[in-house]
Amino acid sequence: PPPPATIEEMYEVHRAMQEHPLAESAFGGLAGYKLGAVGVIPGEAALSAPLFNRFIVDASSGQVSAAAINIHNLEAEVAVIMAADLAPKPDGSPYSAEECWAAVESVAPAIEMCGRRSSAALSAAQPPLGKLADALMAGGVVLGKRVPPAQIDRAALMCSTALLINGKEAAGGWTGECPNGGPCEAVAWCANHLLARGLVLKKGHLVITGATCKSKDFKIGDTVTATLGTAVGAVDSSVAP
């Protein structure tokens, strides 16, 4: 099919992905959403795309197969797991970052292993919305230790971050790169954005709040570490075949 011509058409593709029968039977169902593409599309603060349970793993018990997701990029991200639905309010007002923080079950350091459903050559030939229709290049997510929000000072979420490959820093950044300037603000953006599209951020959903730094400088067998400040912590994984 032709690539989407508008943002609305791109999101129709994403919704078709998460509502297709195979999303449940083959991919374990909707796990939540990834956020990204900050400032890429004029007029859009960021974009979102679905994540699926088959490709979400805990660092203590699993790995993401590079071949299964056609890996091409690594990102250090703050992951948030929701404790409550953020359904439409009776007065229709948007959710604030404070309200979203109150609905968080836990926070975790995460490595997003970005993938794609096509070859590098085919992807490169696509227009921007054609690339982004591929679930914003969502691949797999490795989660570190979950931390309850009661143990985190929200201000400490604003911190420097890094990606290390085999112990050496490959990239650095900070959590201000998240949509709307921070992880909590990103969750609020996601909740309100989904409501505007007729969807709801629900209890148990995972939100990876956007790349804080990224690297393509890796190979199969490398050990990857994402550090996300003292409040969130760090997570290690390896690039599995």
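## Aromatic and charged contacts around a buried strand residue

Ile81 is buried, with a relative accessible area of 5%, in a structure that is a predicted model. This residue is found in strand S4, which covers residues 73-82. Leaving aside residues up to four places away in sequence, Ile81 touches Val104, Glu105, Ser106, Arg146, Gly204, His205 and Leu206. The C-alpha atoms of Ile81 and Val147 are separated by 10.0 Å, the two residues being 66 residues apart along the chain.

### Aromatic pairs

A search of the whole structure finds two aromatic pairs. In one of them, the rings of Phe27 and Phe52 have their centres 5.9 Å apart and their planes at 45 degrees, so the pair is tilted. This pair links distant parts of the chain, since Phe27 is in the loop between helix H2 (21-25) and strand S1 (30-36), whereas Phe52 is in strand S2 (residues 47-52), 25 residues apart. Phe27 is partly exposed, with a relative accessible area of 29%, whereas Phe52 is buried at 12%. Phe27 also forms a tilted aromatic pair with Phe55, with 5.7 Å from centre to centre and 45 degrees between the planes. Here, too, distant parts of the chain are linked, with Phe55 in the loop between S2 and strand S3 (56-58), 28 residues apart from Phe27. Phe55 is buried, its relative accessible area being 17%, and Phe27, Phe52 and Phe55 form one aromatic cluster.

### Salt bridges

The structure holds nine salt bridges, and the table lists some of them.

| Pair | Closest N to O |
|---|---|
| Lys34 and Glu112 | 3.0 Å |

Glu19 and Arg15 are separated by about one helical turn, because they are four residues apart in helix H1 (residues 7-19). Arg15 counts as partly exposed, at 27% relative accessibility. The salt bridge of Lys34 with Glu112 links distant parts of the chain, with Lys34 in strand S1 and Glu112 in strand S5 (residues 104-114), 78 residues apart; both Lys34 and Glu112 are buried.

Glu99 counts as partly exposed, at 34% relative accessibility. The charged end of Lys89 also sits over the ring of Tyr95, 4.8 Å from the ring's centre. Elsewhere, Glu98, Arg154 and Glu185 are linked in a network of salt bridges.

Definitions and conventions
Residues are numbered from 1 along each chain as its sequence is written. This is a predicted model: local features need pLDDT of at least 70, side-chain atom pairs count only at pLDDT 80 or more; totals for chains, interfaces and linings use all residues. Side-chain values use heavy atoms; hydrogens and water are left out. Helices (H or I, at least four residues) and strands (E, at least two) are DSSP runs, numbered from the N terminus. Buried means under 20% relative accessible area, exposed over 50%, partly exposed in between (1.4 Å probe, protein chains only). Contact means heavy atoms within 4.5 Å. Rings of Phe, Tyr and Trp (its six-membered ring) pair if their centres lie within 6.5 Å; planes under 30 degrees apart count as stacked, over 60 as edge-to-face and the rest as tilted. A charge sits over a ring if NZ of Lys or CZ of Arg is within 6 Å of the ring centre and within 35 degrees of the ring normal. A salt bridge is a side-chain nitrogen of Lys or Arg within 4 Å of a carboxyl oxygen of Asp or Glu.
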